[in-house]
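Visitor: I have a few questions about this one. Can we go through it piece by piece?

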Amino acid sequence: MKQFVTLLLILSCLNCLGQEISSLSFPTSVGERVLSDNSHNKENLTRVDSSSEKLYNNSIQLILGGLSGLYSINYERQLQSDKLNISTEVGYSFVPVNLGWNFNHSFIGAINGQLGRNKHKFEFGPILNLYTRGKPTDPAIVVMEGEKSFGLYLGGRIGYRLELPDKRFLFKAHFILAKNKNIIFPWGSLTFGFRF
């Protein structure tokens, strides 16, 4: 009988000890719950802040100069990432053949890499111009023999890009090195764009 009573006392003591341990661990779980709630609140706040920012991933641009020579109207699509922003660009230019310019129709394609997290960015990338050359009706414009009615210019450009976070205006200035056949020549461009 004494052994049975002793066994009951030991079990009850162990039970009380277990309740004390669980009660001691309870504030820790509450603290973890508070920390997790705070982290969820921070995540919600960052989501609200990020959603309140206006993101303009598209733009229509007027390029003066550029690989088309005189001007071009371009469309650009921005692809966002954490470290490097990349955009693709297509454009078109038309110059009447009687002006004596080398290009009649120009089709522009480019890939732009951008470095920088604020409004000032460094931009770089390859660019190409697939052009057609028409036959001028003005006899004063001489077309060299052997010239094809189409051609391809390849180039690379580096420059400066300005885009304000909450504004639709876009400005770019580029230095271009272009190549056609065995001729390499420098050129430049100024870009004025509208983002949407």
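Visitor: Is Glu 163 buried or exposed?

Guide: Glu 163 counts as buried, at 8% relative accessibility. Buried means under 20% relative accessible area, exposed over 50%, and partly exposed in between, with a 1.4 Å probe and protein chains only.

Visitor: What should I know about the model and the numbering?

Guide: This is a predicted model, where local features need pLDDT of at least 70, side-chain atom pairs count only at pLDDT 80 or more, and totals for chains, interfaces and linings use all residues. Residues are numbered from 1 along each chain as its sequence is written, and side-chain values use heavy atoms, with hydrogens and water left out.

Visitor: Back to Glu 163. Which residue forms a salt bridge with Glu 163?

Guide: Arg 161 does, with the closest N and O atoms 3.4 Å apart. A salt bridge here is a side-chain nitrogen of Lys or Arg within 4 Å of a carboxyl oxygen of Asp or Glu. Arg 161 is buried, with a relative accessible area of 2%.

Visitor: What network do the shared partners make?

Guide: Salt bridges with shared partners join Glu 76, Glu 89, Lys 121, Glu 123, Arg 157, Arg 161, Glu 163, Lys 172 and Arg 195 into one network. Arg 161 also meets Glu 123 in a salt bridge, at 2.7 Å from N to O. That pair links distant parts of the chain, with Arg 161 in strand E6 (residues 150-163) and Glu 123 in strand E5, 38 residues apart. Strands (E, at least two residues) and helices (H or I, at least four) are DSSP runs, numbered from the N terminus.

Visitor: And which residue pairs with Lys 172?

Guide: Glu 76 pairs with Lys 172 in a salt bridge, the closest N and O atoms being 3.7 Å apart. Lys 172 lies in strand E7 and Glu 76 in strand E2 (residues 71-79), so the pair ties together parts that are 96 residues apart in sequence. Lys 172 is buried at 0% relative accessible area, and Glu 76 is buried at 1%.

Visitor: How many salt bridges does the whole structure have?

Guide: A search of the whole structure finds nine.

Visitor: New topic. Which residues make up the largest nonpolar core?

Guide: Nine residues make up that core: Leu 67, Phe 103, Ile 108, Ala 110, Ile 127, Tyr 131, Tyr 153, Ile 176 and Ala 178. Strands E4 (105-115), E5 (120-132) and E7 (169-180) are the elements that give two or more residues to this core. A nonpolar core is a set of buried Ala, Val, Leu, Ile, Met, Phe, Trp, Tyr and Cys residues joined through side-chain atoms within 4.5 Å.

Visitor: Where is Lys 181 found?

Guide: Lys 181 is in the loop between E7 and strand E8 (183-195). Its phi is near 60°, a positive value in a residue other than glycine. Lys 181 counts as exposed, at 68% relative accessibility.
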